[in-house]
Amino acid sequence: MANLYVLYEHAAGFAVFSVKEFEEISMFLPQVESSVTDFAKFNSIVKLAAFTPFKTAIAALENVNAISEGIVPQDLLVFLDDFFSKLKKKKCQLGIADAKLGAAITEAIGVQCSHFGVVPEIIRGIRFHFHKLVKGFTAKSAGIAQLGLGHSYSRAKVKFNVNRSDNMIIQSIALLDQLDKDVNTFSMRIREWYSYHFPELVKIIPENYLFAKTAKFIKDRKSLTDDKLEELEEIVMDSSKAKAIIDAAKMSMGMDISIIDLMNIEMFAERVVKLSEYRQKLSTYLHNKMTSVAPNLQSLIGDQVGARLISHAGSLTNLAKYPASTVQILGAEKALFRALKTRSNTPKYGLIYHSSFIGRAGIKNKGRISRFLANKCSIASRIDCFLEQPTSVFGESLKAQVEERLKFYETGEIPRKNIEVMKEAIVNATGTATTDEVSIEDAQTLKKKNKKRKRNHVEEEKDENDVSGTVVKENGANETLLTDGQSNSIVAANGDSDELPKKKKKKKNKNKNKEQSA
């Protein structure tokens, strides 16, 4: 009968508990469940066998992080090794909460681990009565240790690089899209509002930002004279347009409006101008964040398309986990499920449609280039996510590949292979050839050598088969060797000749052997 021991990981340290009457209590699981809350009953079954405290809070955090990932920490390994070595090779079984950790312990020490049956209930009871089972431990001290370790563990999990936080990109692109909608709406409103007074201005200045800025400057069209021509030129950035505005103001068919109305129009125009300027600043901020967080994705498809992909995926890590087929239709989920429901053609592209590459491709090649671009976006996002030192070299190389593919569809010029482009990118990024590159080259040379050896071996076999002899018997006495390039034949002197190739003989023999075995 194997003795059962249960490992419990507490915030204060590691503990091993011995369980008595394992065979009996495993048969009465409901009784064990009811006796968990009663300390007297539970203590009669479970007792502390060994305990090792953590030396520092940092050591506790390192051990807990390793356990959460299913890795056996060195402290736990030494503790269990010392404990089970004292038992003098008795049959033991270790109860554990995590199956992954149990497999790692079995691999390291050789002790059989179990995580099912009565073990979960015993661990629940240990968790409930831990401060009573360990001497010199109180409920208050256990709570303080758990709280401190919980806070540090949560901080370590939430901790991220401040300069490479993709959350700011997600919020920035969302705000940028909202600002675009708001600025367009407000610009249409101010156009309509100010056109009551000066309708000719819309035809001269169609841009929203410049229109709001000009309306704020002009105010009442009757006050616009030739003296304000220079100031108007600075706003419009065109002397001919400035003169046209002054001429149109003198002959305008707009209605006269009151000073209060003009004040409200001016305030609203000022708000629109400020929103437009803030939108430009936000675009610059997004560009800087993309340069620091996802430089390769940015150099491949641009700031806004790359930021929208990250935002739609939820994070850069999620985008890196997506396959290229998912990246290709990211943002076109409704169209995809509609196509699956109606059994029609599935969409070829989603958010990556806004990239300039798809617009430049021909109608027949849009689907091909979107598939190729999605593949490169997937590679770029993975490089950005897992590369420690961010660089845009790989993104520029991937962009060059997409350009070459576009040329291939247009002119038929064969593009470079991916492995060649990546080798150049690695050399440009690091400055030297990496060990991976050397290993790839070694593997290629080995393949070439093996192919040459195989070819030489095949040629030698062919030469041996080509040089064959035919035995000629004359009256059963004379024998001569005749060379024949195709088959071996035994020619009899009596004139009867039977040509029997060796290959056919082997096949017949094989067939005979199969028949005999059957």
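Arg-343 lies in the loop between α19 (333–342) and α20 (356–360), where helices are DSSP runs of H or I with at least four residues, numbered from the N terminus. This is a predicted model, in which local features need pLDDT of at least 70, side-chain atom pairs count only at pLDDT 80 or more, and totals for chains, interfaces and linings use all residues. Residues are numbered from 1 along each chain as its sequence is written, and side-chain values use heavy atoms, leaving out hydrogens and water.

**Positive phi in loops**
- Most residues other than glycine have a negative phi.
- Arg-343 has a positive phi of about 60° although it is not a glycine.
- Arg-343 counts as exposed because its relative accessibility is 80% (buried is under 20%, exposed over 50%, partly exposed in between, with a 1.4 Å probe and protein chains only).
- Met-237, also not a glycine, has a positive phi near 65°.
- The loop between α12 (229–236) and α13 (239–250) holds Met-237, which counts as exposed at 69% relative accessibility.

**Helix packing**
- Helices α21 (residues 366–386) and α22 (residues 393–411) pack at about 170°, with axes 10 Å apart; axes are lines fitted to C-alpha atoms over the stretch in contact, and angles run from 0 to 180 degrees between N-to-C directions.

**A residue in helix α9**
- Trp-193 sits in helix α9 (residues 167–195) and counts as partly exposed at 33% relative accessibility.

Technical notes. Helix = DSSP H or I, 4+ residues; strand = E, 2+ residues; numbered from the N terminus.
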